[in-house]
Amino acid sequence: MTACQKCPSEAMIHIDYSGTDLCEEHFVQFVEKRARKEIKQQGRSPKGSKLAIAVSGGKDSMSMLSMLHDIFKDNRDVTLTVLSVDEGLVDYREKAIKKVAGFCREKGIEHEILYFKKEFGITMDRVAELGREHRPCTYCGVLRRSLLNRRARELDACKIAFGHNLDDMAQSVLMNVVNGDVQRLVRLGPHVKVQKRLVPRMLPLRTIPESELKLYAELKKIPFLDVHCPNRSRAHRLGFLDMINGLEEQTPGTRHSILSTYDQIIDALRDHYPPANLNDCEKCGEPTMGEVCKACELLGKITDIDGTLQ
Ligand code: SF4
């Protein structure tokens, strides 16, 4: 029997990148400690504020929701509002949102569902039917971020929390480096500067690997939908995920090194690439660096081929 490194109990998990063996209780603490540290480092929510939480129903966002609920349930100064986006992915998203709704009902947390069909006049199922050049995930990500920012701003939320894990962060850093997109690299978040009409992003899980979040959710019996979106195989990010997984297998700790490098250079990058002055989109009024925001630009492309949004 291998003993836990924190107590005499039997270890149930071996952490490859640190060589640590932990029992169930200390593993749960190990996960929560990193999330709490990030929440503290990313800035406290002021008294009387509202924290918006983007929750899709997968393991990451449901684990984040459970942790934030535990942290803030006895804090009368901060209220939580959960926002779920229904992109119109039949037989997938409604099942995931049911998990979110059930959890929020049980814990007494405010929960809102935002629909692509209602807000943009189109579903992701319809976008996925369009030509090859229209990658569903490009539309989905841009429209979802726009919708969440708008609603969080309407709610006067001080921040919006997203469940990006370490694997997501390492992928995003690598992808932006490979694409040579420094501006986007600087904007990855968490956000430190408040920009006009843009609700700052909080990323409590950014240092925790995906596999640990899955185990955490299972051990804590947190409900989540353990199924991938039908469009996932068309996602541009998937190649980078394979790359990161391969590197991590060869050299455990690669994901941490990528994020740590990013954290060490981000201040210098921000000095060099300060946040752009944002304009109001000519079509929808949402913040944009140009004249028309990316969401309106993409919706325009669909209208051009579809004639009308469906
Ligand atoms: Fe949207 Fe792509 Fe994620 Fe599916 S895999 S939910 S289409 S971003």
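**Notes on a predicted model**

1. By class, the shell around the ligand is made up of four nonpolar, one polar and three charged residues. The structure is a predicted model, and the residues that surround the ligand in it are Leu-89, Arg-93, Cys-137, Cys-140, Arg-144, Cys-229, Asn-231 and Arg-232. Helix α6, which covers residues 136-154, contributes the largest share of this shell, namely three residues.

2. Helix α10 (residues 237-250) packs with helix α11 (residues 254-272) at an angle of about 115°, and their axes are 8 Å apart. The two helices α10 and α11 are therefore roughly perpendicular to each other, since angles of 65 to 115 degrees are counted in that way. On the α10 side the contact is made by Ile-244, Leu-247 and Glu-248, and on the α11 side by Thr-254, Arg-255 and Ile-258. Sorted by class, the contact of α10 with α11 has three nonpolar, one polar and two charged residues.

3. Ser-63 belongs to helix α2, which runs over residues 59-72, and Ser-63 counts as buried because its relative accessibility is 0%, where the cut-off for buried is under 20%. When its neighbours within four places in sequence are left aside, Ser-63 is in contact with Leu-213, Tyr-216, Ala-217 and Ile-222.

4. Asp-91 has a positive phi of about 70° although it is not a glycine; Asp-91 is placed in the loop between β4 (78-86) and α3 (93-107), and it is exposed, with a relative accessible area of 52%. Arg-197, which is not a glycine either, has a positive phi of about 65°. The loop that holds Arg-197 lies between α8 (182-186) and β7 (201-202), and at 32% relative accessibility Arg-197 counts as partly exposed.

Conventions. Residues numbered from 1 in each chain as written. Predicted model: local features only at pLDDT ≥ 70, side-chain atom pairs only at ≥ 80, totals over all residues. Heavy atoms only, no water. Helix = DSSP H or I, 4+ residues; strand = E, 2+ residues; numbered from the N terminus. Buried < 20%, exposed > 50% of the residue type's maximum accessible area, 1.4 Å probe, protein only. Contact = heavy atoms within 4.5 Å. Axes fitted to C-alpha atoms, helices over the stretch in contact; angles between N-to-C directions. Parallel < 35°, antiparallel > 145°, perpendicular 65-115°, else oblique. Nonpolar A, V, L, I, M, F, W, Y, C, P; charged D, E, K, R; others polar. Near = heavy atom within 4 Å.
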